[in-house]
Amino acid sequence: MKAIVWDMDGTLVDSEPLWGIATYEMSEKMGARITEDVRAQTVGGTTENTVRLCAAFNDLTLTPEEEADWAQWMFDRVGELLSKELEFRPNIPELLAEANQRNIPMALATNTTRSLTALALNTINEDHFHFTVCADEVDAGKPAPDLYLTAAKALGVDPGDCLVLEDSTAGMQAGLAAGCRVLGVPTEDDVAIPDGVPTISELAGQNTLAGMSIADLEDMFARIEPLAPKAGGIGASSA
């Protein structure tokens, strides 16, 4: 393990519930509150995908301009929520500090836009990372491999030498498509785990990173079967 690439929402910080609040509110503004199953499909995806799912649930056909307006509404609402309170997932500050003490390169790769990521980084502290990259800075967000390929390149590390930590199906697919070794750290029981991704519960017998050290992550990395990156490279979806 030569580098660690972290997802943000749901992995580093407990921000997915905030996205859930905004998503439910937006769907209600469109006409009707989405079901839990539809909400689950939005986790880890792009804001544009969330807008389309909510619109489809309400039998709405949106123009590109209307999609952009709803996406902006989401950004504004999530920004309000992020600025009020944001909590780390268990043991994250300790792992970030230890990795820095050991000079292990780290990057942040998130499907969240740069403007909202900047708000979250006020809590996380951007100084932990050698590089950060957001969905609006690459051609395609997760589940395409762009974010993870970009992060690995910026760190100067082969994707296969990177440990990716992800809580969402789309994020795990993105890491796999980039050829990284992916550790699933889902926060919900109903998250679909792609083939080739072991979960923390399978490798460590627990559901969070609580009490773990970088040595534990290195041990799990060594137990993950390496994969070759899928054809297509940056811009190619893994779905």
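Buried area is the accessible area, taken with a 1.4 Å probe, that two parts lose on being put together, summed over both. The legends below describe a predicted model.

View 1. Domain 1 and domain 2 bury about 1100 Å² between them. Carbon and sulfur atoms carry 62% of that area. Three residues of domain 1, D9, D14 and L116, supply 41% of the area that this domain buries against domain 2.

**View 2. Domain layout.** Domain 1 covers 3-14 + 87-223, and domain 2 covers 15-83. Their centres, taken over C-alpha atoms, are separated by 24 Å. Domain 1 brings 14 residues to the contact, and domain 2 brings 12 residues.

**View 3. Polar features of the interface.** Three residue pairs are in polar contact across the interface of domain 1 and domain 2. Salt bridges across this interface number zero. On the side of domain 1 that touches domain 2, four residues are nonpolar, six are polar and four are charged.

**View 4. The largest nonpolar core.** This core has 50 residues. W6, L12, I124, F129, L183, L209 and L217 have the most contacts inside it. Both domains take part: domain 1 and domain 2 each give the core at least three residues.

**View 5. Surroundings of I124.** Neighbours within four places in sequence are left aside here. I124 is then in contact with M8, L12, V13, F88, L96 and F129. Two of these partners, L12 and F129, are also listed with I124 among the residues with the most contacts inside the largest core.

Conventions: Residues are numbered from 1 along each chain as its sequence is written. This is a predicted model: local features need pLDDT of at least 70, side-chain atom pairs count only at pLDDT 80 or more; totals for chains, interfaces and linings use all residues. Side-chain values use heavy atoms; hydrogens and water are left out. Domain bounds come from an automatic or database domain assignment. Contact means heavy atoms within 4.5 Å. A salt bridge is a side-chain nitrogen of Lys or Arg within 4 Å of a carboxyl oxygen of Asp or Glu. A polar contact is a pair of N or O atoms within 3.5 Å; within protein, one must be able to donate a hydrogen and the other to accept it, and residues adjacent in sequence count only if both atoms are side-chain atoms. Ala, Val, Leu, Ile, Met, Phe, Trp, Tyr, Cys and Pro count as nonpolar, Asp, Glu, Lys and Arg as charged, and the others, Gly among them, as polar. A nonpolar core is a set of buried Ala, Val, Leu, Ile, Met, Phe, Trp, Tyr and Cys residues joined through side-chain atoms within 4.5 Å. Buried means under 20% relative accessible area, exposed over 50%, partly exposed in between (1.4 Å probe, protein chains only).
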